[in-house]
Amino acid sequence: MALNLATFIPPILYIAIIVGSMATFSSLYRKRKAQAAASMEPWFPASLSRDIYLTLLHLPDTPNPPKIPDSVLRAALLRRATDVIQKAITIRQSKGPLQTLLQRGSVGDDTWNQFLQAEQEIDAEIKEVAEDAMALSTQNAQWAQFIFQSAAEMITNDRLRQKLEEQKLKSEEWAEWWGKKTEKVRSEFLASEGVDVAEKHGVSVNPAMVLTSTLPAKTGNVSDEDGVLVEADAAASVASPMSPNLGKSPKGTPTGGTPTGTPSGSVRKKKGRK
Amino acid sequence: MESFTLLPLTMEDSSKSILPLPTTVPIPDLADHLNELNSLHRNLLQFDNAIPPPPGLINPKRSAQINKLRESGNAAFRKQSFGDAVKLYSLALEMCLGRPHWEQSALVREEASMIYSNRAQANIAMRNWAEGMCDAEMSCGLKPKDNVKAWYRRALCLKEMNKLEDAREVLEMGCEWEAENQGKTDGDLRALLRDVLKLVEEKEKASL
């Protein structure tokens, strides 16, 4: 019996040492990994809309809280949803390229892990927002079903408005450039016609009025509208010497096609005059 | 993600708007965020329970108003009072761009591109080439496909402003977008392109 026990001691000791060292290693390894994950720089900066929403949600816990109506919470949640959607889109768009970079060895494993963590967090946040939307929805409107649709639409609309704003600035530059150019040509034209520009400018700033006064036939009905048309006509006729090729088209008052007509209809009319 | 920063916020009772409490360390962007939140909240109050409807549901009143303004713009154009037409189109445009952001952006694109195109035509009729070019450019940018009129107007304005190279570029781009309907709708574009090319050639000859 004693002999039997003695022969069992070495293998048991061996197994105990192996299991023990493995357990220590794994616990240490896991601890380090958790530490690394915790110390990882977040993929996205802290989201203010999330903080605002959660603060509003938790305000009742603070001393003498204001009563936050649900409508404010809904607005805050919608803003948080737009934030989340934007991040989810970024994640989805960067996943493929990042994977390629990882395969080529251009980015390290830590970046990839960071990215995977961000992805998980965003997924969790989407779920959270959906749950909260469900809690805030009413019987008539199951908000969780379309809060993200609304949020995504808000993002596209924001981008569209931004783009339009940029385009508008560009357009204004064009208008300014053209205004200066026509102004220059017009003053040259007036000078060549022998009109004392300087004197007339002292009287009226509007060059159209100068022109109407030099064209007695037109002065019969000097309505505001006519003034504009005359100015425009004059500008066109002034423009022609500058560009002799354009002068061949007769510059009458255009009738134009109706804007709602068929594309070819309104366009063809214009062509006919050329 | 289990934690969050508790922000110093309070609510004004009368207007239900959220305000920041004074802090020693100012939080960047907080005021902007709260402003946006408050304006969104005010806009949402028009709905039951402040839930915006899904993007597919459109406020029919606004669409009707936009259409009405555009129609009266067209009527003014037909009566050749182009200044009025431009004014009416501008109003319609304002209504269209003022659509709430949770409504479909595709609709805004569609409507705005049409109104811009019409306003371009009215500006062309008044020989405001620069304005016409800008409007047509907006229209093309919003809806490049199936918008042959806007492409034509944009190029026409550029040509009239003696920007032949730009006009040629625009026409070529327009032709590319219209390639699907080749031979059916892009005839005018091609005719104008031929004109412009001829002008460019003449100009080169003259400068030689």
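This is a predicted model: local features need pLDDT of at least 70, side-chain atom pairs count only at pLDDT 80 or more; totals for chains, interfaces and linings use all residues.
Colleague: Thanks. How many helices and strands does chain A have?
Modeller: Chain A has nine helices and zero strands. Helices here are DSSP runs of H or I with at least four residues, strands are runs of E with at least two, and both are numbered from the N terminus. Along the sequence the pattern of chain A is α-α-α-α-α-α-α-α-α.

Colleague: And chain B?
Modeller: Chain B has eight helices and two strands. Its pattern along the sequence is β-β-α-α-α-α-α-α-α-α.

Colleague: What percentage of each chain counts as buried?
Modeller: In chain A it is 20% of the 274 residues, and in chain B it is 43% of the 208 residues. A residue is buried if 20 or more other C-beta atoms lie within 10 Å of its own, exposed if 12 or fewer, and partly exposed in between, with C-beta atoms placed from the backbone.

Colleague: Switching topic: how many residues of chain A are in contact with chain B?
Modeller: 62 residues of chain A are in contact with 62 residues of chain B. Contact means that the C-beta atoms of two residues, placed from the backbone, lie within 7 Å.

Colleague: Which parts of chain A are on that side?
Modeller: The elements of chain A that give two or more residues to the side touching chain B are α2 (48-58), α3 (70-104), α4 (109-136), α5 (147-192), α8 (224-242) and α9 (263-273). The largest share, 14 residues, comes from α5(A).

Colleague: What kinds of residues are they?
Modeller: On the side of chain A that touches chain B there are 31 nonpolar, 20 polar and 11 charged residues. Ala, Val, Leu, Ile, Met, Phe, Trp, Tyr, Cys and Pro count as nonpolar, Asp, Glu, Lys and Arg as charged, and the others, Gly among them, as polar.

Colleague: Now helix α2 of chain B. What span should it have?
Modeller: At 1.5 Å a residue, the 19 residues of α2(B), residues 60-78, should span 27 Å, and its end C-alpha atoms are 27 Å apart, which agrees. The expected span is 1.5 Å times one less than the number of residues.

Colleague: Which of its residues are buried?
Modeller: In α2(B), the buried ones are B:Ile66, B:Leu69, B:Arg70, B:Gly73, B:Asn74 and B:Phe77. They cover an arc of only 140 degrees around the axis, which puts them on the same side of α2(B). That arc is taken from the directions from the helix axis to the C-beta atoms.

Colleague: What covers them, and what is on the other side?
Modeller: The cover includes α3 (82-97) and α4 (105-125) of chain B. On the other side of α2(B), B:Pro60, B:Lys61 and B:Ala64 are exposed.

Colleague: What comes just after α2(B)?
Modeller: There, B:Gln80 takes a positive phi of about 65 degrees. B:Gln80 sits in the loop between α2 and α3 of chain B. It counts as partly exposed, with 15 C-beta neighbours inside 10 Å.

Colleague: Last one: how do α6(B) and α7(B) run, parallel or antiparallel?
Modeller: The axes of α6(B), residues 148-160, and α7(B), residues 164-177, come within 8 Å and cross at roughly 170 degrees. They are therefore roughly antiparallel to each other. Axes are lines fitted to C-alpha atoms, for helices over the stretch in contact, and angles run from 0 to 180 degrees between N-to-C directions. Angles over 145 degrees count as roughly antiparallel, under 35 as roughly parallel, 65 to 115 as roughly perpendicular and the rest as oblique. The residues of the contact of α6(B) with α7(B) divide into nine nonpolar, one polar and three charged.

How values were computed: Residues are numbered from 1 along each chain as its sequence is written. Chains are lettered from A and ligands numbered from 1 in the order in which they are written.
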